[in-house]
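Welcome! Here is a friendly briefing to read alongside the sequence and the 3D view. Take a look at both, then follow the points below.

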Amino acid sequence: MEQMKQEIENRIAIYALISRLMLVEVDETFLKNIEKDETLLSFFPNYRDWSKRKELSTSELIEQYYNVDFTNLFLMHLVPYESFYTRDDQMIESGGDNPVVELYNDLDFRVELDSARVVSADHIGVELEFMYMLCTALQKALDADDKEGICELFEVQRAFLKEHLLEWTPLFLINAKRESRTPLYHDGAELALEFLLSDFEYVNKKLSQHCSVESAE
């Protein structure tokens with residue numbers, strides 16, 4: 001159980017990192033949190049070694065590079081919404097008919113669209129934040145030794161990864177990696193893609209080991 005606790009803490013940290021990166025523009029606090037943690041920084045090798053980090057201040061990098069890249073990737077040229085990829089008409093479903101909204105409501109996950117600056121609840125950053133919330137709930141179930149709750153949460157996580165995130169984010173993240181203009185977002189897109197794929201395998205493994213559930217690869 002101690003090993004699983006550490007694994008869940010790691011999952012919480014990464015989901016928090018990639019959801020924040022893709023929801024709103026970065027600020028100095030966010031970047032400093034990455035730079036002071038060698039483990040987190042190792043996920044951003046091109047960013048870590050980028051020469052402009054030595055040439056310009058953090059505020060200059062944010063204003064001249066990171067904000068421009070964020071706008072390009074998440075507001076202008078790419079569409080970071082599930083419904084765009086899964087609907088035949090490629091329309092963004094911003095209303096209550098969006099299937100993720102019902103799931104969010106069932107699990108008491110509220111999305112403040114205005115404060116998050118997104119037009120629909122199926123934005124990649126929001127879906128990643130939902131996984132962060134599920135991992136946090138899993139941590140609480142583990143602390144309480146609630147075996148039934150642990151298995152239920154792993155089931156919800158597997159279903160959400162399989163039926164939602166992994167249905168569309170690989171294509172978006174591949175495009176984001178290709179279109180990125182800074183090492184920060186290049187590495188962030190690569191991290192998110194690799195992590196989501198490996199996390200799905202991890203959740204399947206835990207279900208088969210602890211919950212007598214067959215893998216759903």
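At 4% relative accessibility, Ser83 counts as buried (buried means under 20% relative accessible area, exposed over 50%, and partly exposed in between, with a 1.4 Å probe and protein chains only). This is a predicted model, in which local features need pLDDT of at least 70 and side-chain atom pairs count only at pLDDT 80 or more, while totals for chains, interfaces and linings use all residues. Residues are numbered from 1 along each chain as its sequence is written, and side-chain values use heavy atoms, with hydrogens and water left out.

**Ser83 and its surroundings**

- Ser83 sits in helix H7; helices (H or I, at least four residues) and strands (E, at least two) are DSSP runs, numbered from the N terminus.
- Leaving aside neighbours within four places in sequence, Ser83 is in contact with Met91, Ile92, Glu93, Asn98 and Asp122, where contact means heavy atoms within 4.5 Å.

**The whole protein**

- The protein has 12 helices and zero strands.
- Read from the N terminus on, its elements run α-α-α-α-α-α-α-α-α-α-α-α.
- The radius of gyration of the protein is 18 Å, close to the 17 Å that the globule rule gives for 217 residues, so the protein is as compact as a globular protein of that length. The radius is taken over C-alpha atoms, and the globule rule is 2.2 Å times the number of residues to the power 0.38.
- Along its principal axes, the C-alpha trace spans about 55 × 45 × 30 Å.
- Of the 217 residues in the protein, 46% are buried.
- Take the contacts between residues at least 6 apart in sequence: 69% of them join residues at least 24 apart.

**Where H1 meets H11**

- Helix H1 (residues 2-23) and helix H11 (residues 147-179) pack at an angle of about 40°, with their axes 16 Å apart. That makes H1 oblique to H11.
- Axes here are lines fitted to C-alpha atoms, for helices over the stretch in contact, and angles run from 0 to 180 degrees between N-to-C directions. Angles under 35 degrees count as roughly parallel, over 145 as roughly antiparallel, 65 to 115 as roughly perpendicular and the rest as oblique.
- H1 passes H11 in a left-handed crossing (left-handed if the near helix is turned anticlockwise from the far one by less than a right angle, right-handed if clockwise).
- On the H1 side, the contact is made by Met4, Arg11, Tyr15 and Met22, and on the H11 side by Phe154, Gln157, Leu161 and Leu173.
- By class, this contact of H1 with H11 has six nonpolar, one polar and one charged residues. Ala, Val, Leu, Ile, Met, Phe, Trp, Tyr, Cys and Pro count as nonpolar, Asp, Glu, Lys and Arg as charged, and the others, Gly among them, as polar.

**Where H6 meets H11**

- H6 and H11 pack at an angle of about 145°, and their axes are 10 Å apart.
- The crossing of H6 past H11 is right-handed.
- Asp69, Asn72, Leu73 and Phe74 in H6 meet Phe172, Ala176 and Glu179 in H11.
- The residues of this H6 contact with H11 divide into four nonpolar, one polar and two charged.

- Val79 lies in the loop between helix H6 (58-76) and helix H7 (82-86), and at 21% relative accessibility Val79 counts as partly exposed.
- Not counting residues up to four places away in sequence, Val79 touches Phe84, Tyr85, Ile92, Trp168 and Phe172.
- Val79 and Val100 are 21 residues apart along the chain, and their C-alpha atoms are separated by 17 Å.
- Leu103 belongs to helix H8 and is partly exposed, with a relative accessible area of 23%.
- Leu103 touches Phe130 and Phe160, again not counting residues up to four places away in sequence.
- From C-alpha to C-alpha, Leu103 and Leu40 are 30 Å apart in space, and they are 63 residues apart in sequence.

- Most residues other than glycine have a negative phi.
- Asp108 is not a glycine, yet has a positive phi of about 60°.
- Asp108 is found in the loop between helix H8 (99-106) and helix H9 (113-116), and is exposed, with a relative accessible area of 58%.
- Asp145 also has a positive phi, near 55°, in a residue other than glycine.
- Asp145 is in the loop between helix H10 (124-143) and H11, and is partly exposed, with a relative accessible area of 46%.
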